[in-house]
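Hello,

Here is the structure we talked about. Please open it first, then read my notes below.

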Amino acid sequence: MPGEFVDFGDFVQATLPGLLRYGHALTGNPHDAADLVQTVLEKIGSRWSYVHDKTGDPLAYVRRSMANAHVSRWRRTRRENLVADLPDTSPHLPADPFEHEPLWCALRTLPPRQRAVMVLRYYEGLSEAEIASALGVTQGTVKSQASKAITSLRLKLKPDDGGGEGSGAG
């Protein structure tokens, strides 16, 4: 795929479904995913000739930009806003179809970088080298983030058999 798309419109048309899936897995909901993809593609579109000519792999560049933008947004919005009184009513939010799916719930609790590594590895099927390139980190970081994420997911998804530690084959 690198170098395959000279025209930005062709690139977007070919990669948009995958970018939306990736964004959904990063953000946890399709609306934030669409916003993330749109924000990143707006920035990339204005610099397309540079991205196409200099990066070697525009799709990896876009994925890394999405991961970075998501982490930046998460850092900005995670700060707590303390209020004197709680609101009387809660806003109506549409139900997320994956809201009660255990793996999806556990994936949502991972830190953004670990979630990005897991999504790129197991959802998009990228190699460690491709993930490292896409996220702008070393392969060692990819391996450690994946290991931490898998350990965390195993703990969160471990069936509560009531038998205590050492009761199952590990």
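A residue counts as buried when its relative accessible area is under 20%. Take Pro58 as a case. Its relative accessibility is 5%, so Pro58 counts as buried. Pro58 is found in helix H4, which covers residues 58–77. Now look for Phe11. Pro58 and Phe11 are 47 residues apart along the chain. Their C-alpha atoms are separated by 8.7 Å. Keep in mind that this is a predicted model.

**The whole chain**

The protein chain has eight helices and zero strands. From the N terminus on, the order of elements is α-α-α-α-α-α-α-α. There are 170 residues in the protein chain, and buried ones make up 35% of them. Next, take the contacts between residues at least 6 apart in sequence. Of these, 65% join residues at least 24 apart.

**H1 and H2**

How do helices H1 and H2 pack? Helix H1 spans residues 8–27 and helix H2 spans residues 30–46. Their axes are 8 Å apart and meet at an angle of about 140°. That angle makes H1 oblique to H2. The crossing of H1 past H2 is right-handed. H1 brings several residues to the contact, including Phe8, Val12, Leu16, Leu19 and Leu20. From H2 come, among them, Pro30, Ala33, Leu36, Val37 and Ile44. By class, this contact of H1 with H2 has 13 nonpolar, four polar and one charged residues.

**H7**

Which residues of helix H7 are buried? They are Ile131, Ala132, Ala134 and Leu135, in a helix that runs over residues 128–135. Looking down the axis of H7, the buried residues fall within an arc of 165°, so they line one face of the helix. A general rule is handy here. An α-helix has 3.6 residues a turn, so residues three or four places apart point the same way. Just after H7 comes Gly136, with a positive phi of about 70°.

**H8**

Gln145 lies in helix H8, residues 139–157. Is Gln145 buried or exposed? Its relative accessible area is 12%, so Gln145 is buried. What does Gln145 touch, leaving out residues up to four places away in sequence? The partners are Arg113, Gln114 and Val117.

Then go to Gln145 in H8.

Best wishes

Definitions and conventions
Residues are numbered from 1 along each chain as its sequence is written. This is a predicted model: local features need pLDDT of at least 70, side-chain atom pairs count only at pLDDT 80 or more; totals for chains, interfaces and linings use all residues. Side-chain values use heavy atoms; hydrogens and water are left out. Buried means under 20% relative accessible area, exposed over 50%, partly exposed in between (1.4 Å probe, protein chains only). Helices (H or I, at least four residues) and strands (E, at least two) are DSSP runs, numbered from the N terminus. The arc is that of the directions from the helix axis to the C-beta atoms. Axes are lines fitted to C-alpha atoms, for helices over the stretch in contact, and angles run from 0 to 180 degrees between N-to-C directions. Angles under 35 degrees count as roughly parallel, over 145 as roughly antiparallel, 65 to 115 as roughly perpendicular and the rest as oblique. A crossing is left-handed if the near helix is turned anticlockwise from the far one by less than a right angle, and right-handed if clockwise. Contact means heavy atoms within 4.5 Å. Ala, Val, Leu, Ile, Met, Phe, Trp, Tyr, Cys and Pro count as nonpolar, Asp, Glu, Lys and Arg as charged, and the others, Gly among them, as polar.
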